[in-house]
Amino acid sequence: MSMNLPHAHPPPALGEEEPSPSPPPQRRPRGFASGPAASAGAGAAGPPRRRGEREREREKERTKLRERHRRAITSRMLAGLRQHGNFPLPARADMNDVLAALARAAGWTVHPDGTTFRSSNQPPLPPPPPPQLGMFQVAPVETPAFINTLNSYAIGTPLDSQASALQTDDSLSPSSLDSVVAERSIKTENYGNSSSANSLNCMDNDQQLLRSSAVLAGDYTKTPYIPVYASLPMGIINSHCQLVDPEGVRAELRHLKSLNVDGVVVDCWWGIVEAWIPRKYEWSGYRDLFGIIKEFKLKVQVVLSFHGCGDTGSGDVLISLPKWIMEIAKENQDIFFTDREGRRNTECLSWGIDKERVLRGRTGIEVYFDFMRSFHTEFRNLSEEGLISATEIGLGASGEIRYPSCPEIMGWKHPGIGEFQCYDRYMQKNLRQSAVSRGHLFWARGPDNAGYYNSRPHETGFFCDGGDYDSYYGRFFLNWYSGVLIDHVDQVLSLATLAFDGAEIVVKVPSIYWWYRTASHAAELTAGFYNPTNRDGYSPVLKMLKKHAVILKLVCYGPEFTVQENDEAFADLEGLTWQVMNTAWDHGLPICIESVLPCLDGDMYSQILDTAKPRNDPDRHHASFFTYRLQPPFLLQRDAYFPELRTFVKCMHGEAPQNGEG
């Protein structure tokens with residue numbers, strides 16, 4: 001006897017999951033409706049999801065990001081082949097089109113059905129040349145290495161052996177095979193195999209020196225001359241603007257002179273020079289330092305630092321903003337950048353006060369201009385003599401063009417996405433004016449679903465795939481946020497050009513490379529660079545820098561730092577460097593390079609050289625100069641690293657290292 005029970009369901013078949021009684025998921029609302037209130041309501045509407053479902057969704061998200069990264073690599077390769085190799089590839093080319101074009105360029109015959117064979121009158125193949133290391137090296141299509149690769153796939157080669165060269169992860173779809181081939185080719189070309197990197201760590205110092213000298217020696221003879229500058233330590237000038245250890249400075253300069261470096265970099269801190277009273281500038285310590293540098297006939301590049309420097313990453317050195325600025329802040333904390341929770345960042349002044357007279361009758365822009373004018377008046381004679389070759393202008397956090405979106409003092413840790421810094425009273429006033437002029441007053445606020453300092457993009461409603469960063473409101477906010485950055489840099493550089501009267505001016509862009517392989521580029525967005533995958537966020541900034549005829553400074557990291565980067569952060573330092581360098585050169589902007597990590601082996605020197613002097617650039621671009629940041633204590637590193645550094649300097653100068661060097 002059967003009974004019809006209400007709400008009864010047939011049992012699930014074997015291997016199937018029991019159906020959930022919850023209703024089908026609703027599409028996530030966009031804009032402010034996707035904030036905490038909406039998410040809380042969704043959580044209360046039904047029971048929590050099973051652990052397996054959440055894990056599958058996360059895996060789908062990771063798969064999407066991997067696919068997007070591989071497609072981006074393929075598109076860059078195709079663009080390079082079209083632009084620099086003149087290959088007639090169709091708009092939606094795949095690897096079949098690329099292989100056919102490369103085969104034809106090598107002299108092979110390719111039929112429309114894909115049949116490929118070597119021409120009968122083709123000359124014998126020479127042996128392949130040894131591989132070369134380089135950051136931006138691309139083997140020409142006529143190289144015998146490529147022809148040998150085609151020979152290995154000639155008629156008669158077993159199909160199984162051909163397929164074994166294209167093994168991929170099980171999670172990849174057949175359609176993404178082309179991207180996998182492109183990705184693995186790039187990794188092989190840049191870094192070699194993993195066993196080579198591991199063997200480098202196993203070698204002793206003597207073996208590393210021999211290896212580095214073999215890599216560097218003779219490779220850069222008769223290449224363009226690139227000046228090399230070494231940055232002096234921060235603590236040589238104390239808080240009272242006094243030179244702490246003149247004899248120690250002479251000892252360091254003597255060793256640098258023996259390396260044949262061209263000059264040194266000196267940080268001039270606003271918090272030291274104008275520390276106590278507005279418009280009262282104390283330059284005595286820097287005057288003594290420049291006098292000692294002049295004795296050794298070295299050039300000087302000056303960095304005008306309008307930010308503070310905490311204990312993190314700087315040893316015992318602590319440099320704050322001027323004391324009179326901190327006194328003003330006791331009554332008006334809105335002069336500092338502020339996050340969504342209302343926490344103030346005292347590293348630098350908010351750009352919201354660039355046109356507000358809140359600094360004892362002066363605006364932020366006027367304060368910067370008075371400081372630059374005082375420096376030029378004090379050391380005009382050194383500039384005219386050629387001792388001061390260039391001046392770098394600090395334009396944001398750490399002296400870089402960016403918001404202080406990732407402050408460690410607030411608990412940020414790599415690879416967190418950071419937070420927007422636009423919640424002080426003056427920035428909010430600017431945002432409100434922009435929203436009113438756009439005709440949407442309700443947009444006059446920051447996003448409420450952008451996560452926190454250590455969030456991941458997929459954990460937020462603003463930065464996730466299809467998130468609010470690409471909505472109407474998101475595009476408005478990010479255009480305004482990046483526009484404030486561009487406007488600040490434009491105003492400061494306009495006055496710097498006036499103050500220094502034609503001298504070389506340098507500005508520094510950050511290397512925010514984590515989450516670069518995601519759609520939103522979340523860490524770059526919070527730092528002020530509106531650079532998602534569907535938009536070039538660096539072009540507007542570099543176009544403005546070109547207007548002021550400045551030199552762009554890039555940061556260079558070592559290969560071991562790049563390889564060991566956590567892949568969960570979807571980082572791509574090379575992709576970011578490639579984008580910025582090519583965009584800068586497209587705008588006719590000169591570039592210089594700075595190394596912020598200690599150079600401990602020949603591989604890093606080789607990468608820096610290949611970045612500064614790209615071998616395969618048809619336009620023969622090269623860096624204007626290179627800056628090497630010394631790691632204190634500098635003299636203790638002399639015996640270990642000076643031989644390699646001496647060889648590196650000669651290669652930068654386009655000279656051949658002498659026998660026995662390295």
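Student: Is cysteine 268 buried or exposed?

Tutor: This is a predicted model, in which local features need pLDDT of at least 70 and side-chain atom pairs pLDDT 80 or more, while totals for chains, interfaces and linings use all residues. Residues are numbered from 1 along each chain as its sequence is written, and side-chain values use heavy atoms, leaving out hydrogens and water. Buried means under 20% relative accessible area, exposed over 50% and partly exposed in between, with a 1.4 Å probe and protein chains only. Cysteine 268 has a relative accessible area of 0%, so the answer is buried.

Student: How many disulfides are there?

Tutor: A disulfide is a pair of cysteine sulfur atoms within 2.5 Å. For cysteine 268 the closest cysteine sulfur is that of cysteine 241, at 8.1 Å, which is too far for a bond. By this rule the count of disulfides is zero.

Student: What is the C-alpha separation of arginine 58 and histidine 458?

Tutor: Along the chain, arginine 58 and histidine 458 are 400 residues apart.

Student: In what order do the eight strands close into a barrel?

Tutor: Two strands pair if DSSP finds at least two bridges between them. Strands β3 (residues 228–231) and β4 (residues 263–269) pair over three bridges in the parallel sense, and alanine 230 stands opposite valine 264 in β4. The pairing in the barrel is parallel, and the order is β3-β4-β5-β8-β9-β10-β11-β12.

Student: Why do the buried residues of α12 line one face of the helix?

Tutor: In helix α12 (residues 323–331), the buried residues are Trp324, Ile325, Ile328 and Ala329. An α-helix has 3.6 residues a turn, so residues three or four places apart point the same way. The arc is that of the directions from the helix axis to the C-beta atoms. Seen down the axis of α12, the buried residues line one face because they fall within an arc of 150°.

Student: Which elements do the buried residues of α12 pack against?

Tutor: Contact means heavy atoms within 4.5 Å. The buried residues of α12 pack against α10 (270–273), β6 (336–338), β7 (344–349) and α13 (364–378).

How values were computed: Helix = DSSP H or I, 4+ residues; strand = E, 2+ residues; numbered from the N terminus.
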